[in-house]
Amino acid sequence: MVASSMDVLVALCKRRGFIYPSSSVYGGLAGMYDFGPMGVELKNNLKASWWQSMVYDRDDIEGLDSTILMSRTVLQHSGHESTFTDPLVDCRNCKARMRADFIVNNECIYCKSTDLTEARDFNLMFATTVGPVVNDENRAYLRPETAQGIFMNFKNILDSQAPKIPFGIAQIGKAFRNEITPRNFIFRVREFEQMELEFFVMPGDDEKWHQYWIENRYQWWLDQGLSPDRLHQCDQEKDELAHYSKRTVDFLYDYPHGQDELEGIANRTDYDLGSHTKEQSSLNIQANVKDNTDSTQRLAIKHPDRNEWVVPYVIEPSCGVDRGVLAVLCEAFDEETLANGQIRTVMRLKPHLAPVKFAVIPIAKNNPVIMKCAKSITQKLRSQLGKKVVLENTGNIGKAYRRHDEVGTPFCITVDFDTIAADDATDPGTVTVRDRDSMQQIRVPLEDIERVANELLSGGIEAFAQVK
Ligand code: ATP
C-alpha cells in the first residue's frame with residue numbers, strides 16, 4: 001500500500017515531527033513548510049544519497065555551493081527576467097489569483113465562478129535589493145534554480161580543477177519561485193531545494209549523454225525505494241519546453257493528488273554558457289547566442305583536437321528535494337491490519353533514508369541497571385554508526401514501537417531483564433532486536449550488537465534473516 005490520501009500523510013508528518021506549515025504561530029505563510037526533527041533527517045539522508053552517487057562515486061563530477069542571491073544581470077542573460085513566467089488569471093468574483101493552466105472548464109478553482117480575467121504573464125522570481133539604496137540598479141533576485149550559480153562558476157572550476165570534458169558540476173540548494181498557486185503540501189511550494197547537475201559534453205555527444213542520465217537517474221530513484229509502477233518517464237511536448245531546452249524528459253510520480261513531475265532531465269544545449277559568454281565572434285558557438293556585453297568571462301573550452309573554442313552542451317538532471325521527500329514518504333506509507341484487528345501504520349523507508357536508524361528501548365525506565373545498559377548500547381551505536389540512534393525512556397514499549405513504526409525506524413533494540421541477568425561468559429546477556437517491516441524479533445548477544453547493527457543497516461531489512 002502507498003499513501004492514497006494527502007490528508008493522512010500530512011497528519012502523520014505533523015504528528016511525528018516530519019513537516020509543519022511555516023510561521024504557523026501566526027497563521028502560516030502559503031507555500032512554505034518547515035522540516036521538523038524527523039523531516040530534516042530524511043531530507044538530509046536523501047540529499048546525502050544524491051551527493052554520494054553524483055560526487056563521491058565518480059571521477060567526472062565536482063560539487064559546488066553558490067549563493068542564493070544573484071545579480072540581476074545573470075538572470076537577465078539567462079532569459080529568466082523576460083521568460084520565467086506562468087499565466088495568471090484573476091477571479092472577478094472572489095478575487096483569487098490562479099494559474100491559468102490549473103483551471104478546468106473555465107471555472108475559478110476556489111469559488112467556481114466563470115467570471116475570470118484573460119491570462120497574463122506573471123514572473124515567478126522574488127526580487128530584492130542589495131545595499132541600502134532601493135533602485136533598479138541594485139535589484140537582485142533569489143535564484144529560481146540553482147543552475148545559474150553553476151554556469152557562473154564554470155570558468156572557476158575549469159581553471160582550478162582542470163576537468164576534461166565530459167564533466168559535471170553538482171549542487172544542492174534552495175530555490176525560490178513565487179508560485180501563483182502553491183498546493184499539494186510540499187509538492188508545489190515557494191521556497192524549496194533542488195538537486196541539480198550540469199553535465200558538460202561536446203556538442204554532438206549531447207543526445208547520447210542525455211539518454212545516459214535519464215537511465216542513471218531513473219535507477220537512482222528506484223534505489224531510494226520508488227516503485228517502477230509509480231514512476232513514469234514522459235517526453236515534454238515541443239510547445240511545453242523551457243526556453244533553453246532541446247529535449248526534456250520528465251519523471252512523473254503517482255502522488256496522492258495525481259501524476260506529477262518529480263524530476264526533469266533537460267538538454268539545455270549551449271544556451272546558458274553561450275548567453276553568458278563575451279567575445280562571441282571568436283568562438284565556435286552553435287546556437288542561440290545573445291548580446292552579452294555584461295559578462296566578463298569566456299565560458300567555453302578549447303577543443304581537445306583542434307585549435308578552436310567550443311561552447312559545451314549541457315545535460316541537466318534537476319529534481320526537487322521536497323518533491324523527492326514527498327514521493328519517498330508516499331511510497332513508504334503503509335497501513336496493515338494486525339491479527340488482533342488493530343491497524344498498524346508503518347513507514348517502510350529504505351534504511352539509508354530512515355531518520356532514526358535504531359531505537360534503544362529499556363523495558364523498565366526505573367531500573368538503573370537496565371538504563372545504564374541501554375545508555376551504553378546507545379552510545380556505542382552512535383559512535384560506531386555516526387547516525388541518529390534514539391534512546392527511548394518512556395518505559396512504554398508498545399508506544400515506542402508505534403512511534404518508531406510511524407517514523408520508519410528500521411530496528412528497535414529492547415533491553416530487558418535477560419540482558420542484565422547474565423553474570424558469566426557462558427550465559428551472555430541478550431537484547432531483542434525487532435524488525436520494523438516483519439515485526440519479527442530475534443535475540444542477539446549483547447557483545448555482538450555493534451557487529452549485528454552494522455550488518456542489518458548495510459544489508460537492509462533482507463539481511464535480518466541471515467543475521468539470525
Ligand atoms: P512545474 O512544471 O511542476 O512547475 P518545472 O517544470 O517548472 O515544474 P523545473 O523548472 O524543471 O520545474 O525545476 C526542476 C525541479 O525543481 C522540478 O522537477 C521539481 O522537482 C522542482 N520544483 C520546481 N518548482 C517547484 C516548486 N514550486 N516546489 C517544489 N519543487 C519544485
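Predicted model: local features only at pLDDT ≥ 70, side-chain atom pairs only at ≥ 80, totals over all residues.
I shall begin with the relation between the two domains. Contact between them involves seven residues of domain 1 and seven residues of domain 2.

How much area do domain 1 and domain 2 bury between them? The value is about 610 Å², and 58% of it lies on carbon and sulfur atoms. On the domain 1 side, Arg16, Met38 and Glu41 account for 65% of the area buried against domain 2, more than any other three residues.

Turning to charged pairs, the count between domain 1 and domain 2 is two salt bridges. Arg16, already named for its share of the buried area, also forms a salt bridge with Glu406, in which the closest N and O atoms are 2.8 Å apart.

Let me now move to a pair of helices. Helix α1, residues 6-15, packs with helix α9, residues 321-332, at an angle of about 105°, and their axes are 11 Å apart. Because angles of 65 to 115 degrees count as roughly perpendicular, α1 is roughly perpendicular to α9.

Which residues make this contact? From α1 they are Met6, Leu9 and Cys13, and from α9 they are Leu326, Leu329 and Cys330. By class, the residues of the contact of α1 with α9 comprise six nonpolar, no polar and no charged.

Thank you for your attention.

Terms used. Residues numbered from 1 in each chain as written. Heavy atoms only, no water. Axes fitted to C-alpha atoms, helices over the stretch in contact; angles between N-to-C directions. Helix = DSSP H or I, 4+ residues; strand = E, 2+ residues; numbered from the N terminus. Parallel < 35°, antiparallel > 145°, perpendicular 65-115°, else oblique. Contact = heavy atoms within 4.5 Å. Nonpolar A, V, L, I, M, F, W, Y, C, P; charged D, E, K, R; others polar. Buried area = accessible area lost by both parts, 1.4 Å probe. Salt bridge = Lys/Arg side-chain N within 4 Å of Asp/Glu carboxyl O.
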